[in-house]
Amino acid sequence: MNQKTLLLVEDNPDDEALTLRALHKHNIANQIIVARDGQEALDYLFAKGEFADRDSTHLPQVILLDLKLPKVDGLEVLQQLRSNPQTRTVPVVILTSSNEEKDLIRSYELGANSYVRKPVDFEQFVEAARQLGLYWMVLNEVPYGRE
């Protein structure tokens with residue numbers, strides 16, 4: 001059986017470190033891949049560029065996707081994921097600091113599975129990451145990766 005992978009798409013080094021620390025603290029996620037911009041995330045998912053040798057059939061258990069990303073923004077990443085039959089069903093959790101209602105609405109219109117605003121407080125952030133990891137990595141079942 002494939003190892004469960006979490007793809008974290010985050011360009012802010014502080015938010016990346018906090019998320020990784022929170023997930024590791026609670027022993028969540030066997031493997032965490034970090035993409036620091038939208039293009040890197042797409043390259044990883046579709047096995048292109050530096051990830052050309054990666055097995056593109058091994059999809060993440062969940063993607064934690066920031067919206068405000070360099071190169072390709074999070075909404076465009078989500079749109080490309082949902083328009084491709086191979087990645088259409090991959091769970092995507094928007095994890096963002098955006099308070100803009102239009103981002104929330106557009107994320108769901110494009111097929112996001114969840115929309116979570118990043119808490120400012122460290123302890124709240126750790127707890128949010130723990131809950132996200134527990135649900136999406138342990139409890140949630142995906143329709144692929146079963147062998």
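In strand β2, Ile33 is the bridge partner of Leu7, and in strand β3 Leu7 stands opposite Ile63. The model is predicted: local features need pLDDT of at least 70 and side-chain atom pairs count only at pLDDT 80 or more, while totals for chains, interfaces and linings use all residues. Residues are numbered from 1 along each chain as its sequence is written, and side-chain values use heavy atoms, with hydrogens and water left out. Helices (H or I, at least four residues) and strands (E, at least two) are DSSP runs, numbered from the N terminus.

**Strand β1 and its partners**

- Strand β1 (residues 5-9) pairs with β2 (residues 31-35) in the parallel sense over five bridges; two strands pair if DSSP finds at least two bridges between them.
- With β3 (residues 62-65), β1 also pairs in the parallel sense, over four bridges.
- Five of the five residues of β1 are buried, so the strand is largely enclosed by the rest of the structure; buried means under 20% relative accessible area, exposed over 50%, and partly exposed in between (1.4 Å probe, protein chains only).
- Thr5, Leu7 and Val9 cover one side of this arrangement and Leu6 and Leu8 the other, all of them buried.

**A buried loop residue**

- Thr87 is found in the loop between α3 (74-83) and β4 (92-96), and it counts as buried at 0% relative accessibility.
- Leaving aside residues up to four places away in sequence, Thr87 touches Phe46, Leu59, Gln80, Leu81 and Arg82, where contact means heavy atoms within 4.5 Å.

**Salt bridges**

- The structure holds nine salt bridges, each defined as a side-chain nitrogen of Lys or Arg within 4 Å of a carboxyl oxygen of Asp or Glu.
- Lys71 and Asp37 meet in one of them (3.7 Å, N to O), linking the loop between β3 and α3 to the loop between β2 and α2 (38-45) across 34 residues.
- In this pair Lys71 is exposed, at 70% relative accessible area, whereas Asp37 is buried, at 11%.
- In helix α5, Arg130 forms a salt bridge with Glu127, with the closest N and O atoms 2.7 Å apart; the two residues are separated by about one helical turn because they lie three residues apart.
- Glu10, Asp15, Asp66 and Lys118 are linked in a network of salt bridges.

**Surface patch**

- Leu134, Tyr135, Val138 and Leu139 form a nonpolar surface patch with about 380 Å² of accessible area together, the area coming from the Shrake-Rupley method with a 1.4 Å probe and, for residues, only the protein chains shown counting as cover.
- Patches are made of residues with over 30% relative accessible area and no salt bridge, like charges being joined within 9 Å and nonpolar side chains (Val, Leu, Ile, Met, Phe, Trp, Tyr) within 5 Å.
- Leu134 lies in helix α5 (residues 122-139) and counts as partly exposed at 37% relative accessibility.
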